[in-house]
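Welcome, and please take a moment to look over the model before reading on. A short walk through some of its parts comes next.

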Amino acid sequence: MTTSEARVVVDLDVTGPTISRHLYGHFAEHLGRCIYGGFWVGENSEIPNEGGIRLDVVEALKALGIPNLRWPGGCFADDYHWRDGIGPREERPSMINSHWGDVVEDNSFGTHEFMALCDLLGADPYVNGNVGSGTVREMSEWVEYLTRGGESPMVSLRRANGREEPWRVPFWGIGNEAWGCGGHMRAETYADLARQYATYCRDHGDNTLYRIAAGAADDDLAWTEALMKAVTCGLGCRTSPKHFFQAISFHYYTHAGDSIATTPATTFSDEQYYATMAKSLDIDRVIRAHSAVMDAYDPDRQVGLVCDEWGTWWKVEEGTNPGFLYQQNTQRDALVASTHFDVFHRHAQRLVMANIAQTVNVLQAMILTDPDTGALVLTPTYHVFEMNRGHHDAQLLPSHVLSTPSTSVGDTPLDLLSVSASRRDGSALLSLSNLALEDALEVSLDLRGVPFEVARGRLLAAEDPRAHNTPETPDAVAPSTLETRVEGTTLRVTLPPAAFATVELTLS
């Protein structure tokens, strides 16, 4: 193994926008074993639970400081009628989950169970409403049921179901993927519906709604432009956007350059690895493109951009239901997460929220649970979230990569070092990813402006980027100590191939 070199300058005394903790949000859909067998085991389970909610999953996620949780979908959201999920569980009607496995959904996990889960997690609820098959009245009454105090028909119904006080529910999605499973609408058709639905999703009491319009797939800029036209007075107009919705979403999934659900999670070639890294980093181009459209209509950046579905999408594991989207999670997936976060941090002025798909047992999950033994496994991606927790609500620090080794994926150049940095409360956090498969990388970081001491260095590495955790080998990929060297204002670290690292600094 050879060692390459990279040089970086970080200005510790020059701060940029705040990196919202909500960029580290999560997503829980009624899909496969995310809810049932993941979050929810039922009150009679031998697995320790509180009111049916699995406690070891809760404790693991609390260690990440999970800021928000999106529910009930996804595609499922536009088939979901919330009244079916309230009241005594034995009286709740069933439905067919036609999107995900064509299985029966018994609605035993509904609104009250989700709110109890958010309370246990200390996370803000992000409720995604039904535009595709629902009604304006249905969504309006769901907002009232959850957030209104005093007296009203929905308040009376909530109290009859055992909840006296309203909840705080700040985030509301106005449908999901309206261009696809949410109705196969034209952008202009959905934009008008988004204005209508948002009008009747009212603020009750001191609960102020942050309404998120369902936006584009990948780089469909025409969809974003249609939504911006729906809330602004036109190009170059300085009038404040109309407050029908406060943000626009987009979805972006990473694969090996072919398509989603095409290649396995754990068996891939070196070429597929590098193609995955190139696809992961291409989200920077996509965010810049959406931001440019939004800036043209909203130069003061009052409307937020939300990436409320992102992550890798591989073939399902052999022998599992293809509609359940259960896939393993390797060191390659961890590097997709680490590079995404570096990009997210750089766009923190416009990008206000992101939600990985999904939290448990689905796609690029934080946690895998074994259906036979009940064992819980933390994935490599989980460790990236945990190691990056210091970026939550911290101020971005400019990071200038002066030199780095690179390679090419087709005609696309790929830098093999990804980096970001932030500071908060007298400390700073540096995040570094070496994307090279064969070479170690010695990184020299010139840390300018403020005296510093290294508090801790951590490393997430594996002998092979295909390495992953299982119930038998739960720590095959787990954080270890990273050795650091300080020479004056220069910090030096050596990263193994395909590795992620963080360095925590104490600032004087």
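The paragraphs below go through a helix, a pocket, some charged pairs, a cavity and a few backbone details.

This is a predicted model, in which local features need pLDDT of at least 70 and side-chain atom pairs count only at pLDDT 80 or more, while totals for chains, interfaces and linings use all residues. Residues are numbered from 1 along each chain as its sequence is written, and side-chain values use heavy atoms, with hydrogens and water left out.

Let us begin with helix H1, which spans residues 55–62. Helices (H or I, at least four residues) and strands (E, at least two) are DSSP runs, numbered from the N terminus. Which residues of H1 are buried? They are Val57, Val58, Ala60 and Leu61. Viewed down the axis of H1, these buried residues fall within an arc of 165°, so they line one face of the helix; the arc is that of the directions from the helix axis to the C-beta atoms. Buried here means under 20% relative accessible area, exposed means over 50%, and partly exposed lies in between (1.4 Å probe, protein chains only). The cover over the buried residues of H1 includes strand E5 (53–54), helix H2 (111–121) and helix H10 (380–387). Strands E15 (367–369) and E16 (376–378) are also part of that cover. Contact means heavy atoms within 4.5 Å.

Thr502 has a relative accessible area of 0%. Leaving aside residues up to four places away in sequence, Thr502 touches several residues, among them Met387, Leu429, Arg456 and Leu482.

Now for the open spaces. A pocket is found on a 1 Å grid over the protein atoms alone, as an open set of points with protein on both sides within 12 Å along at least five of seven lines; a cavity is a set of points where a 1.4 Å probe fits but cannot get out, and lining residues have an atom within 4 Å of a point. Grid points are joined across faces, edges and corners, and a volume is the space filled by probe spheres set on the points. The largest pocket has a volume of about 480 Å³. Its lining has 23 residues, of which Leu281, Arg346, Asp415, Leu417 and Ser418 lie nearest the centre. Helix H7 (270–281) supplies at least two residues of this lining, as does each of strands E17 (394–397), E18 (399–403), E20 (412–415) and E21 (417–424). By class, the pocket lining divides into 12 nonpolar, 7 polar and 4 charged residues. Ala, Val, Leu, Ile, Met, Phe, Trp, Tyr, Cys and Pro count as nonpolar, Asp, Glu, Lys and Arg as charged, and the others, Gly among them, as polar.

The structure also holds 1 cavity of 30 Å³ or more. Residues lining the largest cavity include Cys237, Arg238, Tyr297 and Pro299. Pro299 lies in the loop between H8 and strand E13 (304–312), and touches Cys237, Arg238 and Met294, not counting residues up to four places away in sequence.

How many salt bridges does the structure hold? There are 30, a salt bridge being a side-chain nitrogen of Lys or Arg within 4 Å of a carboxyl oxygen of Asp or Glu. One of them joins Arg466 and Asp270, whose closest N and O atoms are 3.2 Å apart. Arg466 sits in the loop between strand E24 (452–460) and strand E25 (480–481), and Asp270 in helix H7, so the pair ties together parts that are 196 residues apart in sequence. Another salt bridge links Asp284 with Arg288 at 2.9 Å between the closest N and O atoms. Both lie in helix H8 (residues 283–297), 4 residues apart, about one turn of the helix. Asp284 is buried at 16% relative accessibility, whereas Arg288 is partly exposed at 45%. Glu43, Arg89, Arg92 and Glu113 are linked in a network of salt bridges.

Finally, some backbone details. The peptide bond from Gly73 to Gly74 is cis, with omega near 15°, and another cis peptide bond joins Ala357 and Gln358, with omega about -10°. Glu177 has a positive phi of about 45° although it is not a glycine, and Glu177 is buried at 12% relative accessibility. Ala261, also not a glycine, has a positive phi of about 60°, and is partly exposed at 39%.
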